[in-house]
Amino acid sequence: MMASSYSAKDEDGHITVSGPGGAALRNKKPENTAFKQQRLPAWQPILTAGTVLPAFFIIGLIFIPIGIGLYVTSNNIKEFEIDYTGDDVSSPCYNCAENFSWNSTKFCTCTIPFQLDQPYESNVFMYYGLSNFYQNHRRYVKSRDDSQLNGNMESLKYPSKECEPYAHSDNKPIAPCGAIANSMFNDTLELVYNDPNGTNVSISLVSTGIAWWTDKHVKFRNPGGSNANLSAVFQGTAKPVNWRRPVYELDADPENNGFINEDFIVWMRTAALPTFRKLYRIIQKKNNMAPTLPRGNYTLKVVYSILKATDLNSVIWMGKSAVSRIRFKFFQVR
Amino acid sequence: MTWKSPVALVREALQGQRAREKDLRSLMSNLPYEGLEKGKQPNRYFPSNAIKTTKYSLLLFIPMNLYEQFHRLANIYFVGLAILNFIPVVNAFQPEVALIPICIILSLTALKDAWEDFRRYQSDKKLNNTPCFIYSRKEKQFVERRWKDVRVGDFVKVVCNETIPADLLLLYTSDPNGVCLIETANLDGETNLKQRTAVSGVCNSFEPESFNGIVVCEKPNNNLNHFKCYEKPDNQKVGAGIESLLLRGCTVRNTDHAVGFVVYAHETKSMLNNSGPRYKRSKLERRLNIDVFFCFILLFAMCLIGALHFIWLYALPGVPPYLVPPANGHLDSPNLSSFYMFFTMIILLQILIPISLYVSIELVKIGQIFLITNDIDLYDEETDSRIQCKALNITEDLGQIEYIFSDKTGTLTENKMVFRRCSIMGTEYPHKENIRLAVLNEPESEEEVIYNQDLQPLPTGWSLESEEANSEDTHRHGSRRKSKVLGTTQSDVAFSSPLETEVIPDRKLLQQISRTGSSSRCQKIDPYLEFFLALTICNTVVVSMATTQRRRPLTSDNLRYEAESPDEAALVYATKAYGFTLLARTPDSVTVRLPSGEVLVFEVLDTLTFDSNRKRMSVLVRHPITKEYVLYTKGADYAIMELLGTPYAQRHLDCYAKEGLRTLCIAKKVVSEAVYKHWLVERQRALTAIDNREVLIMDTAVQLETNLTLLATGIEDRLQENVPDTIMALRQAGIKVWVLTGDKPETAVNIGYACRLLEDEDLVLVIDGRTLTMALSPDLRGDFVDLAKHCRSVLCCRVTPLQKSRVVKVIREKLKVMTLAVDGANDVNMIQAADIGIGISGQEGMQAVMASDFAISRFKHLKKLLLVHGHWCYTRLANMIIYFFYKNVQAYVNLLFWYQFFCGFSGSTMIDYWLLIFFNLFFTSLPPIMFGIMDRDISAEMLLGVPELYKTGQGEGDYRFTTFWVSILDAFYQSLVCFFIPYFVYQDSDIDMFTFGTPLNTTALFTILLHLSIEIKSWTVVHWVVMLGSVLFYFIVTLAYSATCVTCNPPSNPYWVLQNQMADPMFYLICILSTVVALLPYTFHVLRNSIALSPLIEAKHLDRLDPSMREEWMKEWRSYRGGGQVQRSTLS
């Protein structure tokens, strides 16, 4: 035994470890896999000026056509803007702004003449805009009840406490509750074209299709389903304090009334920044021959109502710089 | 159950308390009281043997676990924030939603704890129910019971290969000599057998029922190597020490059965030794905590800016409709609402304090340790051991080491001793054949060659070679063949290399012995005979038979030698080669077979065991023929020298030392009967003493060990393989290597040359123990450190373990550097004094390994551990931490912060809170963890080939004070880009809050991931999967969430938001543009890479070349850089 093993071992010149227990003894040996030995094949890029600068050039080159495209597009956008805040004496709405009081039952109307130098050929979007209006204020954003707006009858009767102090009025639940709804923009804007032949043509403004489809059809729903009698459903609720009409009288069209009124939906989608605009109406192109809004003189009639109204003047505030400004804007994408 | 008055109960409890707290415990046998109720039991105050290591009970799990978890500051921070969110005026999110992160963290940790506790419960149950034999008076025999039934005062029988259930005082063994062998591997990892002897005075035919003594023992402690007690059978004290204690957890070997008296149950030494894993805080983590503190300042500043709310309020012209009063209808005053605003901002910006960073760091370290322990290069075939990482949280310190303190024996050397030379009566016997054998067996090993080369220029002046002239070729050839045979017969032994046992006798010495053996019979004391007898007798080697299953070198007589230290085994094997065979050893006798075949039995009168103060051991025997009392002493040369009666020429010893041999001296003394009798009385007194027992015993030993006569020997301890190479690499890596050894200066210097620690042109400091004591005195300490700083290496010789640890401490404190201590034996002090302690699991004790942070099996593993894993772990973790700060500041915190300027500092968020949580929890958590575990900036081959690269991690390394602020600034810049590009795009548009938040969120994700992509140095398939998976996961989750959440999370309104955005080309343009602009500053990073090439970048370029080219480049590059002279300032 010894002799045979001797000759065998002598040849390879060194002693190898073997024996019956050999396999069991080696059980602690780590597996020789690429992962465990950290030898996974790898791509090892080295960032140097030589590799990165060309990459930047290429990215730059890609951006050039995109930039040109965007520039051309934005030049094709026609915008016309009127500020009708009325804080200036020369403004037509000065009187309305000055004399407005929240409990007045009389509407204050002001008319603003303006002139379009260029015709607006295709569909025109009419926006109202507000400046320094912090629709993104944390407490303001919270002050709503989404399940009430989703048509939940329970929430209609018992609005969420997040709506406080705009949840109840005269011991009746407010529908829609909360500060957002309460402060809804409810100026009425009308556009009249002063035809050179002397007639004043009122331009038809489309008030549907201005909200997100998902909002109108999924997120916002009238309580009691789509065919319910709204005034009956909203029986026992109060209108928001600042509103002139209850929610079920926002529009004559039953498809655009109650919580699914698109003006309301648009307002409820709170703006991200304090200076924002919201889509108000769409002026649709009627035929291919005439422009939607021909060049000429127009009058904007504003039923001035909102936003300065507030019953919360218990605290005295100072300063004048951060006035909320209201604008009106045309916007057309060609 | 009988009724007891409360007073009695209290008294009982107090008595128990007192009995447990007393310094001395008196224990009685339980047998006379068997069957009596508990109150009558004499040992009732001591806990039973059932163990319970579980932390929690089923009922109290939740409160106890929560209590435990709230000890962590991070959890308190989280809960504080969640509570803050429940205050209506302050809250930023839905209160319930804010609880989610803390709930997830708490419940995950609780689950982990519960699982661990359940495992502990299971193992406890298994242990407690292990069978054992306890003596029962009723049945008059040992009956099978469970471990948990063992009580103090019971008699327990243990049989061969069984584990001992409690600490037993050994009373009886099946061995006629009262010896029981145990293996303590479970306790200290040492695999050699240890001999325990039954308490003397108890007769051989032991009957438990007849035991009527009282055992007085000390209070339980955790010292495994120390125990004292005495027994009073009949008013006569019999002392016993650790040599009679069977420790719980050890295994009985080679002994059929043994009976012991239970001294400690439950409070056993092994249980008391169970302290949890040690917690060390790494340098990087200390730096990290400073930066977290800066984060707090930053958070505070940002919240103060948020509290500018009141200025904004004052600037308002009236009460605008968007200011919503609280439910009572009255607005708070601006100052008060600003005050509230401050806390809202804290909730909002809480992510700035990177709690998730701590969790991630722990995960990364687990991953890093997994990879380190799985490295096949750090695995040792011979001992079948991987590297063990005992400290889990200092992996990155491995990449910052500047000083290594190393022991010599067992660290640089194998600690496998080979008997090399001896000097008897002034004659030197060089054993040249053995040296040749060593070279022959490992022709490929480099250090042997270097060893020889370096030997040549040594200015020895007086060489040993000259004495040995008669080297005959024929003889040499014969010995070679013989060695081969010996080598192969033991080849199936896993534990030891053949060298351990092989000694080829020196011809001259062999002749000398045979001459004396034949001419003069044992009547006259022959020095040669005496020398070998001393070697054979004076040790604690245990001879074991082939009955056990353990694998150990077998000698031809079926004898195995189990020695506590390898040099003892080496000597016994050497004497065996000369024909002096140790046949058996019992506590009372040693049996030796002489070359003539004659068998002598020496009566052992006493064994004065080795201790580190005396540095020697002695055996007192009675010579069977001359009937003389002879004391044989063996020890370190200096420990013996001072005791010699006659001065002896130091010449040979010095020579041995110069060759790097460890020298042992053997001495003898004949003691007269009167002296012995007198000494015996004192010894007995010392043995039974409880106080100062060690001191007394040592004193008695010292008393006897005087006026010795010298016999000498030299033993070689070979260098481990690749030691010089490793030391070279470490030195090139800018690490200063110090060797601290107990050896003589000559030995140390020689080893220093052999392992290339010393080279001719070096400035080297060699200092010995006495000088070191002076140098470390407070007034000289500074100068010493200054001097040492300028030396390339430092050798400290003749230093004690305590001095070693002091040296480490002084360097660590004075120079503020990262230190690492390596030790292969028992220098626990030094290992614990350093930042990182590394133990080498070698031949001798495992205490160093037990106390270490990392345990390796070979010194050469240090090279890869430091240069590769250290570098990787450090760069990975440092980069991950910096990235984490960047990520937390950039994402959300700053985006949310900038948004506050546009929402009247009201604490609004433009991103849904669920998505906020998901963003940190799922979308961006995995990539940095993967980055921290798997990134590989430079290949292992490159790091090993160019050790200079290690310098990048030393000192401040990658993670500097400026790095943090640069990354914070970068985060600020990126967040500005990510916020303001969408801001200007959507300014004055009809965008709503959450639609505005979507591109911000997406851009943040892209920038964060792309930023990481730039940081990632090597992309493996895992990287791709994780990175692309994160992006995909983000879109899938967000799309699914915005498709389903109609009114689920008021007031946020995520419904159909991402879908709408993804239909808008503007969204993509914003994402691309913001991402590109945000990452632009990285061009500077890149430009720096191209203009001033850092070594790391150069190495990366080299890495791409094919191996042969790389070799060439490496050489060229190193010569260009001047081989290790790279200034740290030039490194990045």
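Why does Cys1048(B) count as partly exposed? Its relative accessibility is 48%, so Cys1048(B) falls in that class; buried means under 20% relative accessible area, exposed over 50%, and partly exposed in between (1.4 Å probe, protein chains only).

This is a predicted model, in which local features need pLDDT of at least 70 and side-chain atom pairs count only at pLDDT 80 or more, while totals for chains, interfaces and linings use all residues. Residues are numbered from 1 along each chain as its sequence is written, chains are lettered from A and ligands numbered from 1 in the order in which they are written, and side-chain values use heavy atoms, with hydrogens and water left out.

The predictor gives the complex an ipTM of 0.87 and a pTM of 0.78. For chain B the mean pLDDT (the predictor's confidence in each residue, from 0 to 100) is 78, and 83% of the residues reach 70 or more. Within chain B, confidence is highest in helix α34 (residues 1021-1044), at 94, and lowest in helix α12 (residues 446-455), at a mean of 29. Helices here are DSSP runs (H or I, at least four residues), as are strands (E, at least two), numbered from the N terminus. Over residues 1122-1132 of chain B pLDDT stays under 50, and the model has 22 contacts (heavy atoms within 4.5 Å) beyond four places in sequence for them.

The whole structure holds two disulfides over all chains, a disulfide being a pair of cysteine sulfur atoms within 2.5 Å. One joins Cys163(A) to Cys177(A), S to S 2.0 Å. This pair links distant parts of the chain, 14 residues apart: Cys163(A) lies in the loop between α7 (153-157) and β4 (168-169) of chain A, and Cys177(A) in the loop between β5 (172-173) and α8 (179-182) of chain A. Both Cys163(A) and Cys177(A) are buried.

The other disulfide joins Cys1045(B) to Cys1048(B), S to S 1.7 Å. The torsion about their S-S bond is about -105 degrees, so this disulfide is left-handed.

Cys250(B) is buried, with a relative accessible area of 0%, and Cys755(B) is buried, with a relative accessible area of 0%.
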